[in-house]
Amino acid sequence: MNEQHIAWEASANAIVLGAPRIAYEIESVRFRYHAGSSDGADWILDDVGFQVKAGEVLGIVGPNGSGKTSLLKILANVLSPQQGTLHLFGDDLATLTPQDMARLVAHVPQDTQQSFPFTVAETVVMGRFAQRRHTFWSGCFGWEDEMDIVVAAQAMAAVDIAHLAWRLVPDLSGGERQRTVIARALAQSPMVLLLDEPTAFLDLQHQIDICRIIRQLKEERGLTIVLVSHDLNLVSQYCDRILLLDRGRVVRLGCPEEVIEPEALEAVYRCRVLVDRHPGTGLPRVTLPGRHLSGGT
Amino acid sequence: MATPTSQFASADSSSIVSSPLTKDGAEQLRQWKSSGAILTFQRWVTIIGGLAVAGLVVCVLCLQFGATKIDMRTVMAVLSRWSGIGAPDTAGTDTSAVIMFHIRLPRVLTGFLVGGGLAIVGVTLQALLRNPLADPYILGVSSGAALGVSLAMLFGIGTTLAFLPGLPLFGFVGGLLSLVVMYRLARSRGRLPIQSVLLAGVILNAMLTAVIMFITSIMDPNRSAGLMAWLMGSLTVSNYGILSMFALYVVGGASLLLQKAQTMNILTFGEETARSLGVDTERVKKRLFFLAALLTGAVVSVSGMIGFVGMIVPHAVRMLVGSDHRVLLPASMLAGGMFLVAADTVARTILAPAEIPVGIVTALTGGPMFLYLLLWRKDQLV
């Protein structure tokens, strides 16, 4: 057995060996950006409560401004809710240090802008930061060991950017940068992966690649994945369960057939949609009404 | 089912995630190291060692120049006598030795420490503000520190020798206050837009400078002339006692910053990302603010307001050695020292025997480069 397998299994073990069945427990979370303001109407998230099962792919969908990204940042412990509790594998999120958190959870934000000219390899290797031991001088004189390199290289191969190792991140296209950030998240060897619009800048081929990687991370490494997306079809095809948000509240939570159906979608998105079956998978498929139908009947 | 089914089903067959790499880890590591994709210890030693040697050479070369020229042979003879190697004495080195020991050497050493301190503060502010144009002078941190020092001078604290160690602390308090105010002004909803940072810094700088000018105008003329000369940037240090205390500030502050090099790498991705990668951002930010202000305070109390070193040096070094702060911080420090020693040599020879303030030389080299970056290289600024 070589180092690569050790590296991958280290993170997967916790799930396989008698791990808890619930990854996240979210209870009555309320959140708003300007904590000081007195008017109660501006809650971004209002009384949100649900569970994320360990090893599932959960998709969060909803119209613009429904609180999807804020919810994901709360799961990543980047934002803290004003009310309510969150538990991750039984631990209260408020008690975890950033380093503990980064060993468990990787977060891929929507905005991946980067103005400093790091190479792709440097960027991805930085995902190893939380996994490495930190001593007094390691901040300057600590060097990546072989394990870090292997994990980073494998993460880069997984998202098809191994050939870009030497390129500078600001010179990359949007899609390449997106995949670099996903590789950095994979290099964290996390147990939970949080993705905000992971396919937003990607062409069709790379969209499919990312979705396939998401399924493989779930099936082969037992990763728990929560992703936010506007693409209802992608969510329907690749997620085990879907959470539908509207104005900061959970409207529905369930398997694609339960959530991707006209009644719920039309109420939330306030427009007509056609839902039929995907010819390959039999899962729900959403089509926007064409110009002849949009007038409505 | 029909043909589409089989096509869609087969899409999932190949496994990307668990497929072994074509090269093993050691091979990959060797390849990345040799090609410069990541920083390695060997490359670090080469860059820092090379710059240290170059810095030494620049310092020795610049010992020649000043109001009277001391030729290189005499410089070497005096240096070898001090270090106890080579020929014990050569004719005509006595006056030169006195000039070198009491005037040239302290000035070159001060220049090196000031330049290095400014460059390392620049790197820190750039990482902290995610802004490649950040510079303690442009953002008003230097003028905050200068205001602190001017106030101390106005009330007569620190003008006596016994209180001189107090001046860097006044500079530190002033610098820290202006840095925090600038940060608060520029930040909106957890973001630091590059224009807001520059705008807040420029406005703050203008206001602080006005207050300093007010102070100079109410001071008695004899003392205000000295204050003005110091403000425009000068590297005259009266004795080795002050110099060694200043060296302690700069070297100590720089070492504490070096410790956070990898954290600074990650901070450049933005605060939320840094947090999700395992950095305790609030603690690190406070520490970096503190150290940046401490270094600025020390530098400003010794040399006044010297602009643009903190911006152009890190920028040039980044282009040469890459962005990894483990090498960028020490390399910028050495390069900044070299740059300022050279700039000061120009300042004291170009109109010899008269001197011009070194701040004029750095502003005239740095200003155009700042404009160039702002006007033609917007792509690098995001």
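Modeller: Two strands pair if DSSP finds at least two bridges between them. Keep that cut-off in mind; this is a predicted model.

Biologist: What makes S9(A) and S10(A) a pair?

Modeller: Strand S9 (residues 241-246) of chain A is joined to S10(A) by 5 bridges. The cut-off is at least two, so the two strands count as paired. They run antiparallel. One of the bridges links Leu243(A) with Leu253(A) in S10(A).

Biologist: Why is S10 of chain A said to stand at an edge?

Modeller: The open sheet has 6 strands, in the order S6-S7-S8-S3-S9-S10 (chain A), and its pairing is mixed. Strand S6 (105-108) and strand S10 (249-254) each have a single partner strand, so each has one side without a neighbour in the sheet. Neighbouring strands are turned by 15° against each other on average, direction ignored.

Biologist: How do you know that S4(A) and S5(A) are paired?

Modeller: There are 2 bridges between S4(A) and strand S5 (residues 91-92) of chain A. At least two are needed, so the pair qualifies. The strands are antiparallel. His87(A) has Asp92(A) of S5(A) as its bridge partner. The hairpin has 2 residues between the strands, and Phe89(A) takes a positive phi near 45° there.

Biologist: What joins strand S1 to strand S4 in chain A?

Modeller: S1 (residues 22-31) and S4 (residues 83-88) pair in the antiparallel sense over 5 bridges. Among the partners are Glu27(A) and, in S4(A), Thr85(A).

Biologist: Where in chain B is confidence lowest?

Modeller: In helix H1 (residues 3-10), with a mean of 38. Helix H15 (residues 325-349) is highest, at 94. Over residues 1-22 of chain B the pLDDT is below 50, and this stretch has 27 contacts in the model beyond near neighbours in sequence. Chain B averages 82, and 85% of its residues score at least 70.

Biologist: What are the scores for the model as a whole?

Modeller: ipTM is 0.85 and pTM is 0.85.

Technical notes:
Residues are numbered from 1 along each chain as its sequence is written. Chains are lettered from A and ligands numbered from 1 in the order in which they are written. This is a predicted model: local features need pLDDT of at least 70, side-chain atom pairs count only at pLDDT 80 or more; totals for chains, interfaces and linings use all residues. Helices (H or I, at least four residues) and strands (E, at least two) are DSSP runs, numbered from the N terminus. pLDDT is the predictor's confidence in each residue, from 0 to 100. Two residues are in contact if their C-beta atoms, placed from the backbone, lie within 7 Å. Axes are lines fitted to C-alpha atoms, for helices over the stretch in contact, and angles run from 0 to 180 degrees between N-to-C directions.
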